[in-house]
Amino acid sequence: MKITKAQVIVTCPGRNFVTLKIHTNEGLYGIGDATLNGREKAVVSYLEDYVAPCLIGKDPERIEDIWQYLYRGCYWRRGPVTMSAIAAVDTALWDIKAKAADMPLYQLLGGASRDSVMVYGHANGTNIEETIEEVGKYTDLGYKAIRAQTGIPGIPSTYGVSKDKMFYEPADAEFPSENVWSTEKYLDHTPKLFEKIRGTYGFDHHLLHDVHHRLTPIEAGRLGKSLEPYRLFWMEDCVAADNVESLKLVRQHTVTPLAIGEIFNSVWDCKDMITNQLIDYIRTTVVHAGGITHLKQIASLASLYHVRTGCHGATDLSPVCMGASLNFNLWVPNFGIQEYMRHTPETDEVFPHAYSFNKGALHPGNTPGHGVDIDEKLAAKYPYKRAYLPVNRLEDGTMCNW
Ligand code: KDG
Ligand code: MG
C-alpha cells in the first residue's frame, strides 16, 4: 500500500477543527485530528507545507517508522504544533491499519480490557445552587463521575462556567476576552461547593475539579487538604506544571489525588512527575501528545508507577480524537477515566461516529478503524473563524494563567 495524498480539512461547525485525511492507492483512507485550540492554522501550515509532501509514496503500514521519521527527522522536536501534526498522521495511519485488518482499532492494540470507558461530564453554574442543580442533571443522565465548577462571588466570570450548560466553549472571541482572577476568593469559596454537593447527593458519584493552573504549590496544598473530606476523584492542574518540584510541595500537604498533563506533548514533559509518583492521573491525549503511538509509550511508563490515564476530552478535541482515544482507553491496562464534553449536534453531524454513551460510559463501537469519519461536503459549509481562548488578570491588572 502507498500513501497518495494527505489532505487537510478545516471546518468550523460552531468551533474550529483541523482534520487530516490520508488517502492510499488501495482506496482505504484514514483520518486524524490536528486541532490546536486558538492556534489552528499553525498546524495546518505545518501539515500542508512540510509533512504532506514527505508522506506521498510512503507505506502507511509502517506507522512506527513514519512516527520516528517525523519526530527525529524534523530536528526541532516536541512542542504543541509539531506533536499535534505528528498525532494527526499517526491517528490516520492507525485508522488505515485497523481498516485494512477489518477490525476496530482497540482489537489491533490488544483487545478490550474492560466493557466500556467511564467518562466524566461537566456540571457548572454561576453559583453553588446552580452547580448543584447541574450535578443532579448529570446523575439523572447516568454519569458516574462529574466535574464540578462554580462562579466565584465578586469575580464576573471564571474558567469552567459556561453559558450553554451542555456544550462548554471557552474559545469564543475574535480577540482574547479578559477574565479576572482572585485566588483568595476562589480558595474560600470552592470547598463550600463540594461540601454542598456531598451534602445533597452523598458519596455515590466520583467528583472532579479543575483548578486550571492557577495556584502556587502551597495554595494548592491548602485547597487539596480542604477538599479531603469530600473525597475527590482528582484535583486537576492545581499548579502550572512547568516545574516538577512544585508538585513535591503539594504532595507534602494533601492526599487528594492529582491529575496533570492536558497541555503536555511528550513523555519528556511528564517523565519526572510519573517516576517520582507526584501525580495519580496523566491527562495527555491522542491529538496533543503525538498520537496513539506516543500515548502508548506514556501510558506504559505510567503503569510502572501506579499512574492511571485520564485523557483530556474537552470540545476542542474533535470527535476524531475522541474515537481514537476511546479505542485506546478500551485497551489500555492502566485506564482511569475519560473526560467527555459533548460536541454540538452540528459537530456530530460533520463527524459521523460509531462511539456511543450508555450509563456513564462510552464505547468506541465496532466499526473497522477508529470509527469516526468526516462529511467533507458538510464540513465545507462551515468556514474557519478565528477564535481565541480568554486571557486572565489579577484584580490589580497583573497577567496570570488562564
Ligand atoms: O483548549 C483548552 C481547553 O481544552 C481546556 O481549557 C479545557 O481544561 C480543560 C479541561 O479540563 O477540559
Ligand atoms: Mg483541564
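1. Start with the lining of the largest pocket in this predicted model: by class, the residues there split into 18 nonpolar, eight polar and ten charged. Both domain 1 (3–104) and domain 2 (109–367) supply at least three residues each to that lining.

2. The space in the largest pocket comes to about 850 Å³. Lining it are 36 residues, and if you want to find the centre, look for His212, His213, Ile263, Leu389 and Trp402, which are the closest to it.

3. The largest pocket is also where you'll find ligand 1. There are 14 residues around ligand 1, with Asn37, His212, Glu262, Asp316 and Glu339 coming nearest. Sorted by class, this shell has seven charged, four nonpolar and three polar residues.

4. A few contacts to oxygen atoms of ligand 1 are worth a look. For Glu339, an N or O atom of the side chain is 2.4 Å from a ligand oxygen. Asp316 places a polar side-chain atom 2.8 Å from an oxygen of ligand 1, and for Arg147 the corresponding distance is 3.3 Å. As for cover, ligand 1 on its own would expose 330 Å², and the protein buries 94% of that.

5. Then have a look at the second largest pocket, with a volume of about 740 Å³. Its lining counts 39 residues, and Lys163, Tyr168, Glu169, Pro170 and Asp172 are the closest to its centre.

6. By class, the second largest pocket is lined by 16 nonpolar, 14 polar and nine charged residues. Here too, domain 1 (3–104) and domain 2 (109–367) each give at least three residues to the lining.

Technical notes
Residues numbered from 1 in each chain as written. Chains lettered and ligands numbered in written order. Predicted model: local features only at pLDDT ≥ 70, side-chain atom pairs only at ≥ 80, totals over all residues. Heavy atoms only, no water. Near = heavy atom within 4 Å. Polar contact = N/O pair within 3.5 Å; in protein donor to acceptor, adjacent residues only side chain to side chain. Areas by Shrake-Rupley, 256 points an atom, 1.4 Å probe, with all protein chains shown as cover. 1 Å grid on protein atoms, 1.4 Å probe; cavity = no way out; pocket = protein on both sides within 12 Å on 5 of 7 lines; lining within 4 Å. Sits in = over half its atoms within 2 Å of the grid points. Nonpolar A, V, L, I, M, F, W, Y, C, P; charged D, E, K, R; others polar. Points joined across faces, edges and corners; volume = space filled by probe spheres on them. Domains from an automatic or database assignment.
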